[in-house]
Amino acid sequence: MANNYTKGIAGIWEEEHLILKAARKTREAGFTKFEAISAYPIHGMEEACGIKRSWIPYVTFVAGCVGLLAGLALTYWTSAVDWAVNVGGKPFFSLPAFIPIMFELTILFAALCSVGALFYACKIPRIDPPSIDPDLSSHKFAIFIPHNDIGYDETKIERMFKDLGATEVKKTEY
Amino acid sequence: MMKRSPLVLGNKTLKDVTDDICAPVERFPSKGWVGMFLGAKTLLLFYIAILASVVGVGIGLLGVNSPVFWGTMIVTFVFWIGIGHAGTLISAVLFLFRQKWRTSVARTAEAMTVFAVMTAGLFPLLHTGRPWLDYWLFPYPNQRGPLWVNFRSPLLWDVFAVSTYATVSMVFWYIGLVPDFATIKDRAKNKLRRTVYGALSLGWRGTAKNWSHYEMVYLILAGLSTPLVLSVHTIVSFDFAVSNLPGWHTTIFPPYFVAGAIFSGFAMVVTLMTLVRIGFPEFKNYVTLDHMEVMNKIIMTTGMLVGYAYASEFFIAWYSGNQYERFVFVNRAFGPYGWSYWVMVSCNVLIPQLFWFKSMRRSIPVMFVVSIFVNIGMWFERFVITVTSLHRDFLPSSWGMYAWSWFDTGVLVGSFGMFLTLFLLYLRLFPAVSIAEVKPVLHVGYDEKGGHH
């Protein structure tokens, strides 16, 4: 797994508004592959980093439709085709009675597939990914620029990070 | 402008939040916790023994018999499923409504949901009497010719509703926990903790791209859970309403069951939160009196909703002109099980009226006692619905009483052992307040200098 990670340089900040500003400046400096790391979602960070809206809702919609049709297919095929039993004179294809099943399967498929899509989008689960600083999951913030990003120059980046108020700059793998 | 009271007290910094919430997970358990855990575990062992006897000897040990074929197992099933609802409502519905106060209580409420649904799920399975054949409930390709389950039966809708609800609420809860597990992993002092919490955190890294997808999925799950939670108790009510027994066959059942579920669920959240505040005093800054007060207001509102439902049921029983329906309701209030009806009305309708007074809404001892009464009342509501309709139906020749045995008591009491054991383990092993969700709302109610508005 280790070859998934790239070398690069990371700056660490201790305040939310500084990391937001730093992310904006890093983007303005022309970097495209950088990552902003925080312990909680920061309001405005997506715009600062230029992140597009998540594509996961499309997965949810399609999965929900598939779930609905799966529910319909299951109830129809089992109750009206494969084993058509007369229950109290009700029609074999008793659509109103099948709606609860269709509804539940819609929700189930949509929810599980959305979570599956989240795993895919975030590339999780991962075994022991490298950590820049253990405090990043508590109260510090970081920006990581990988070595293969356009215009990568360690001394320049280090100076930029320091100018933006970084408390620490580290050469690291992420 | 209206002043907002702070959601988190004590001018906490980001690091304080992490330290406070991780503390119960990282330190040695207190005597209080160990005492409660041993008590709950003993009750759980008793429960296992009772269930083993019921499964081993047969459900004849319980009081179910002609004409009351649905007894403690079903009553307690509906009760526990209802308890679960507040978790999803606090978590999902309040999230959709952008109610920031939910962040402090959502995690524990969701945990309560998961454990309540686990506790509830056992009952219909055991109620069948032959739980080793319960896989027959699921539609699976089999070798006995084209033999399928009956999708026209509300009992089968229940199987789908409850199992979907259990799955989705567990996933919702776990997804919320992932970033917090990463926090605990990063703070771990030994290899075992690091490995276990590392595995649970799935290698979460918290990059802005990750958070962007994560927040979207959280919103989607909240949006999906909201209709789901309403559908589950609606479908549970169909188990009754789709029959044609007087007292069950009413269209008010779906909304009435959902309101009752929210009512009992919030009562259980209040019961548990008062205990959490006593057991872990550092949480008093996160689960504040304001939080408790809001939940008490919801208890009062939903209490009046169920009170309204009781009244409309009576009105419709009279107004429908159906003599069987009318008899069942008179019998409910004044028949041999009239006492259970009045226990229900006192606990659910009268006692929560105390919350009209602000001092009562904000008093921990009062709300603890009221929430216990509400839980008792809601169990009796299910008892009243199930048993009073069954014990006297159309023909006096088929009337009878429910032969409650002490095994029934054992099943009911023991189920609390299972629920509390799971809940206490959760409090020790998982971060009981969402660390990643509380941090963004830290500043609500404070001005820029850190003081109150």
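Helices, here DSSP runs of H or I with at least four residues, and strands, runs of E with at least two, are numbered from the N terminus. The model is predicted, so local features need pLDDT of at least 70 and side-chain atom pairs count only at pLDDT 80 or more, while totals for chains, interfaces and linings use all residues. Residues are numbered from 1 along each chain as its sequence is written, chains are lettered from A and ligands numbered from 1 in the order in which they are written, and side-chain values use heavy atoms, with hydrogens and water left out.

Let me begin with chain B. B:Val433 sits in the loop between H14 and helix H15 (435-438) of chain B. Is B:Val433 buried or exposed? Its relative accessibility is 1%, so B:Val433 counts as buried; buried means under 20% relative accessible area, exposed over 50%, and partly exposed in between, with a 1.4 Å probe and protein chains only. Contact, for this talk, means heavy atoms within 4.5 Å. Neighbours within four places in sequence aside, B:Val433 is in contact with B:Ile21, B:Thr103, B:Ser104, B:Arg107, B:Asp180, B:Phe283, B:Tyr286 and B:Val438. Between the C-alpha atoms of B:Val433 and B:Leu177, which are 256 residues apart along the chain, the separation is 9.6 Å.

B:Gly414 belongs to helix H14 (residues 406-429) of chain B. With a relative accessible area of 0%, B:Gly414 is buried. Leaving aside neighbours within four places in sequence, its contacts are B:Leu43, B:Phe46, B:Tyr47 and B:Thr409.

Helix H3 (residues 56-82) of chain A has 27 residues, which should span 39 Å at 1.5 Å a residue, and its end C-alpha atoms are 36 Å apart, which agrees. The expected span is 1.5 Å times one less than the number of residues. H3(A) carries a kink of about 25°, centred on A:Tyr76; the bend at a residue is the angle between axes fitted to the seven residues ending there and the seven starting there. Among the buried residues of H3(A) are A:Ala63, A:Gly64, A:Gly67 and A:Gly71. In an α-helix there are 3.6 residues a turn, so residues three or four places apart point the same way. What do the buried residues of H3(A) pack against? They pack against helix H4 (95-122) of chain A together with helix H7 (208-241) of chain B. H4(A) itself has 28 residues and reaches 40 Å from its first C-alpha to its last, close to the 40 Å expected.

Next, the backbone. Most residues other than glycine have a negative phi, and most peptide bonds are trans. Just after H4(A), A:Lys123 takes a positive phi of about 55°. A cis peptide bond, with omega about -5°, joins A:Ile124 and A:Pro125, and A:Pro125 lies in the loop between H4 and strand S3 (141-146) of chain A. A:Asp128, placed in the loop between H4 and S3 of chain A, has a positive phi of about 50° although it is not a glycine. A:Asp128 counts as exposed, at 55% relative accessibility.

In chain B, the peptide bond from B:Ser66 to B:Pro67 is cis, with omega near 5°. B:Pro67 is found in the loop between helix H2 (31-57) and helix H3 (72-96) of chain B. B:Arg98, not a glycine, has a positive phi of about 55°, and its relative accessible area of 58% makes it exposed.

Finally, the cavities. On a 1 Å grid over the protein atoms alone, a cavity is a set of points where a 1.4 Å probe fits but cannot get out, and lining residues have an atom within 4 Å of a point. Grid points are joined across faces, edges and corners, and a volume is the space filled by probe spheres set on the points.

How many cavities of 30 Å³ or more are there? The count comes to six. The largest cavity holds about 190 Å³ of space and is lined by 20 residues, of which A:Ser137, B:Asp186, B:Trp204, B:Arg205 and B:Gly206 lie nearest its centre. Helix H5 (residues 154-187) of chain B gives the largest share of that lining, five residues.

The second largest cavity has a volume of about 60 Å³. Helix H2 (45-49) of chain A and H7 of chain B are the elements that give two or more residues to its lining, and H7(B) gives the most, with four residues.

Conventions:
On a 1 Å grid over the protein atoms alone, a cavity is a set of points where a 1.4 Å probe fits but cannot get out, and a pocket is an open set with protein on both sides within 12 Å along at least five of seven lines; lining residues have an atom within 4 Å of a point.
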